[in-house]
Amino acid sequence: MEHVTRGNSFKETAELTHTHRTTVSRLVCIAGEHAQRVHDHHAQDLRVTSLQADERHGFVGRKDQPCWEATVIDPRSKFLVQNALGARTTDLAVRLLFGARFRLHDPHGVVLFTDGWLPYDSLFPQVFGRPYQPKRHGRRGRFPRLQYRIPRTSGHVRIIKTYHGKRVTDIRIERAAGSQRRIDQELEALGYTTPNTSAVERHNGTARRMNPHQVRKSLAFARLPHVRQTVSDLVNAVYNYCRVHRSLRVKLDEPVGRRQYAQRTPAMAIGIADAVWSMLRLLRTVVLPTPCRS
């Protein structure tokens, strides 16, 4: 598991551990499914005030079958809240945003920073808005379609980039929903001068170094969608619970020898872990199944 989550392909891991490639694939799939259950158990009732969303391009099966990985991250704690894989369609944005919403303590008090992808704009009122039923005119006919109000405590900012080839030539910032006062308040709390998606874009670079299926200019892409999903779940769990982040360290009240800072993981920064987990602790964490109502 440690070899795979450091960017080594299944074939390289098999050679280093003196096993077969199919054995590595089978164990990684088991560990990825377990890591997703651990994340589902702990990443609940999260108290966040802002989120950043972005997508990464990848492949599955063949190079002509793209598989995008969309992620939602908390810029303050660098905690990866939700991810979704698939074609870059509206269904991908639906699974990403609604999955992130169900993990939040207050989904109506969040400022969302995204790129210019249109599904984010159209889905934001349904995901983070308050639904209400408009009154019907008269006593006959159908009721009007369900509408959504954007609370004053939430907002959506789009960072629209214009490309010329592979080079960014222009960046336009657009307030898509919410009040400007709430957005300015969140930017001041984050320490930003302008709206951006820097946290999730930095995570994209880290994920491409950790995930063998996301390494650039590599032939080690996944052959099966299930393998692609489980490896991504395992890498994301290691990032949240086992990997320390330099920007999250805190200064100790009293130095311990030459040590002046306490290192923290995103899970420690958001408040759902009390120590840096090892790979063994992640795999040994027991997750009880949800009991049935009967």
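Start by selecting the charged residues: 49 positive and 25 negative charges, whose mean positions lie 4 Å apart. Here Lys and Arg count as positive and Asp and Glu as negative, with His and the chain ends left out. Each charge is placed at NZ of Lys, CZ of Arg, CG of Asp or CD of Glu.

Before you click on, know that this is a predicted model: local features need pLDDT of at least 70, side-chain atom pairs count only at pLDDT 80 or more, and totals for chains, interfaces and linings use all residues. Residues are numbered from 1 along each chain as its sequence is written, and side-chain values use heavy atoms, without hydrogens and water.

Now colour by pLDDT (the predictor's confidence in each residue, from 0 to 100). The chain's mean is 90, and 98% of its residues reach 70 or more.

Zoom out. The C-alpha atoms fill a box of roughly 75 × 60 × 55 Å along the principal axes. Of the 294 residues, 46% are buried; that means under 20% relative accessible area, while exposed is over 50% and partly exposed is in between (1.4 Å probe, protein chains only).

Next, select Phe 221, in the loop between α6 (198-210) and α7 (225-241). Is Phe 221 buried or exposed? With a relative accessible area of 14%, Phe 221 is buried. Show what surrounds Phe 221: leaving aside neighbours within four places in sequence, its contacts are Phe 59, Gly 61, Arg 62, Lys 63 and His 213. Contact here means heavy atoms within 4.5 Å. Then draw a line from Phe 221 to Glu 201: they are 20 residues apart in sequence and 21 Å apart in space, C-alpha to C-alpha.

Jump to His 18, in the loop between α1 (10-17) and α2 (21-42). Its phi is near 60°, a positive value in a residue other than glycine. His 18 counts as exposed, at 73% relative accessibility.

Last stop: Asp 45, in the loop between α2 and β1 (50-56). Asp 45 also has a positive phi, near 55°, and at 45% relative accessibility Asp 45 counts as partly exposed.

How values were computed: Helices (H or I, at least four residues) and strands (E, at least two) are DSSP runs, numbered from the N terminus.
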